[in-house]
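Take a walk through this structure, one region at a time. Keep the sequence and the 3D view side by side.

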Amino acid sequence: MKLIINYLKPYRSRVTLGVIIKFLGTMMELVLPWNLAYILDQVIPQKDPKKILFWGGVMLVASAFALWANIVANRMVSRIAKDTTEHIRGDLFHKITYLDTTQIEDVGVSSLVSRVTSDTYNIHLTLGVMMRMGIRAPILLVGGILITTTLDPILTLVLVAIMPIVFVMVTHISKKGVPLFGKLQKQVDQLVLTVRENVTGSRVIKALSKEAYERQRFENVNQSLVNAETTANVTLAASPALLDLFLNLGLTLVIVVSAYRVNAGLTQPGVIVAFLTYFTIILNAMLSITRIFVLYSRGLASANRINEVLRKKPTLVPGAIDQRKPTSTKLVFDDVTFAYPDGGPAIENISFSVKPGETLGIMGATGSGKTTIASLILRLYDRTAGQILFDGQEIKHYSLDALHQRIGAVLQKDVLFADTIRENILFGRTFSEEQLQQAIDDAQAREFIDKLADGLEHHLEAKGQNLSGGQKQRVLLARALIGQPDLLILDDSSSALDYHTDANLRKALRTHFVDTTKILIAQRVSSIQHADKILLLDKGKMIGYGTHDELLAANPTYQEIYQGQTGGQVIEE
Ligand SMILES: Nc1ncnc2c1ncn2[C@@H]1O[C@H](COP(=O)(O)OP(=O)(O)OP(=O)(O)O)[C@@H](O)[C@H]1O
Ligand SMILES: [Mg+2]
């Protein structure tokens, strides 16, 4: 709950004002039955209509004030709850944007989605109810007991006797609630995951006619969610019902005892009427408190889940860069090994070095670790062992911003966003129109963009679904090539280009990107044979490193690939 309290701090004055208004309103409510007892026992026996009217008027004003105060305070509370939740949601989103790849994989994308949506909604509900009833109910409870004590201490004793039972019961049940609601939210994660997969994979599902299978899968997840919800609610629903029973027993006891006391002349009938009203007030206050406990359990489970994300510290903290170190290399991998958090090493003992303006080609079978190398250069992950130098400096010393500003990359699973082609290429950065046009030419995207009626202003759907595979790749290339970055990483980025376009792209890279250091990952020998060095990978290990000619002369695997792809003919451009 510390989380919520921290977030309420900026609204301190509004919260205080709301609490004061609520407090005054509730006090008025408390005074009403006492006032009634006074009228019944003291004023009416005097048989003075003026006095009766006066005290009746006082009651009317008090109840009007109580009503007004409640409405005003509730409105304030709603607004505060809304603002606070908005704040939490904003911070959560901000945090998620800056989480490391490993941390995101750790929590899971779907779980993050449900934390931003469903968990913040729970916080909103909890906050609203806590502030609306959290102040009123305890005041009514304590105030009610205090006033009844002054009215008739003996009767109050009866009431107070059942309180501990109720208290123990409520806390016991609520303690069970938090883990149950935690489980419930996990089921929500599962549901989001299934829906996400279904929607993103909708084309595949339709193409393979797997709708029935997917529906069954969804129903299973949905059923688990319903079960978790039922368990949580059934457990907590027991508490108001049991409470009701105990309080009604108490009420009966009070009536029996008070009948004896009135008969014996120990108390007055008006007091009994007031007492019964207070009893109802106290009963309702207790019920409200149990409801608060239920919501609190739910809110706490959600707050913990949100906090888990907010507490995450960036693990990729930059060190200091030594500007004086001159270097002749752009990028060096020195005996680098890396394992994904949940698996064995994806690459082992990789070493290579690339000079400024040079091209490194990386080849290897599926799963051999090519993309992993690209991810390490971009610091999406940090290597497990060895050293990576960028411009002669330990790569960990760069902030991610500084690093990414100098690298243009098209990743294998890169995405376009639901925006215009222009915005997708600029991607929030500032480049001149000339640079933009140049990038479009270099990326071989001119032809297809010119054919669009609205050209660069053409609006893309999420993930660029309204483009062909090759068109998507060209827009992604333009995004990476714009502004001639220091280092360019193209991971399988020409796979969807036809041979002719691919050749044009390579020509553009050779002529316009002389100063740019290029890392080209490809399956086709033709795409990388002109690279200064070629790195050949197999199952995460280096099995070849050299120029095309060197490898062709001495490396059996490379020879095999080359033979397989070209039939032994020399490729010309
Ligand atoms: N996010 C990840 N978490 C865990 N393991 C991963 C992850 N990404 C890749 N791997 C594993 O690391 C190994 C290397 O994967 P990588 O993506 O680098 O291969 P690749 O050479 O790029 O393959 P492809 O040619 O198919 O793109 C594989 O065995 C893969 O299962
Ligand atoms: Mg790959």
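Which residues does isoleucine 162 touch, not counting those up to four places away in sequence? The contacts are Phe246, Leu247 and Gly250. Bear in mind that this is a predicted model. Isoleucine 162 sits in helix 6, which spans residues 153-200. Along the chain, isoleucine 162 and glycine 250 are 88 residues apart, yet 7.1 Å separates their C-alpha atoms. Is isoleucine 162 buried or exposed? Isoleucine 162 has a relative accessible area of 13%. The cut-off for buried is under 20%, so isoleucine 162 counts as buried.

Now step back to the whole chain. The protein chain is divided into domain 1 (2-196 + 227-310) and domain 2 (331-566). Between the C-alpha centres of domain 1 and domain 2 there are 59 Å.

Strands of a sheet pair through backbone hydrogen bonds. Strand 1 (residues 331-339) pairs with strand 2 over 6 bridges. One bridge to follow by eye is that of phenylalanine 338, whose partner in strand 2 is isoleucine 347.

Threonine 371 is partly exposed, at 30% relative accessibility. Glutamine 412 is partly exposed too, with a relative accessible area of 44%.

Move on to helix 13 (residues 433-442). Its buried residues are Leu436, Ala439, Ile440 and Asp442. They cover an arc of only 165° around the axis, so they lie on the same side of helix 13. What covers them? The cover includes helix 12 (421-426), helix 14 (446-451), helix 15 (469-481) and helix 16 (499-512). After helix 13 comes glutamine 444, with a positive phi near 60°.

Most residues other than glycine have a negative phi. Glutamine 484 has a positive phi of about 45° although it is not a glycine. Glutamine 484 is placed in the loop between helix 15 and strand 7 (487-491). With a relative accessible area of 41%, glutamine 484 is partly exposed. Aspartate 492 has a positive phi of about 55°, and is not a glycine either. Aspartate 492 lies in the loop between strand 7 and helix 16. Its relative accessible area is 19%, so aspartate 492 is buried.

A hairpin ends the tour. Strand 9 (residues 533-538) and strand 10 (residues 541-546) run antiparallel, joined by 5 bridges. Leucine 536 has its bridge partner, glycine 544, in strand 10. The hairpin has 2 residues between its strands. In the turn, lysine 539 has a positive phi of about 45°.

Key:
Residues numbered from 1 in each chain as written. Chains lettered and ligands numbered in written order. Predicted model: local features only at pLDDT ≥ 70, side-chain atom pairs only at ≥ 80, totals over all residues. Heavy atoms only, no water. Domains from an automatic or database assignment. Buried < 20%, exposed > 50% of the residue type's maximum accessible area, 1.4 Å probe, protein only. Helix = DSSP H or I, 4+ residues; strand = E, 2+ residues; numbered from the N terminus. Arc of directions from axis to C-beta. Contact = heavy atoms within 4.5 Å. Pairing = 2+ DSSP bridges.
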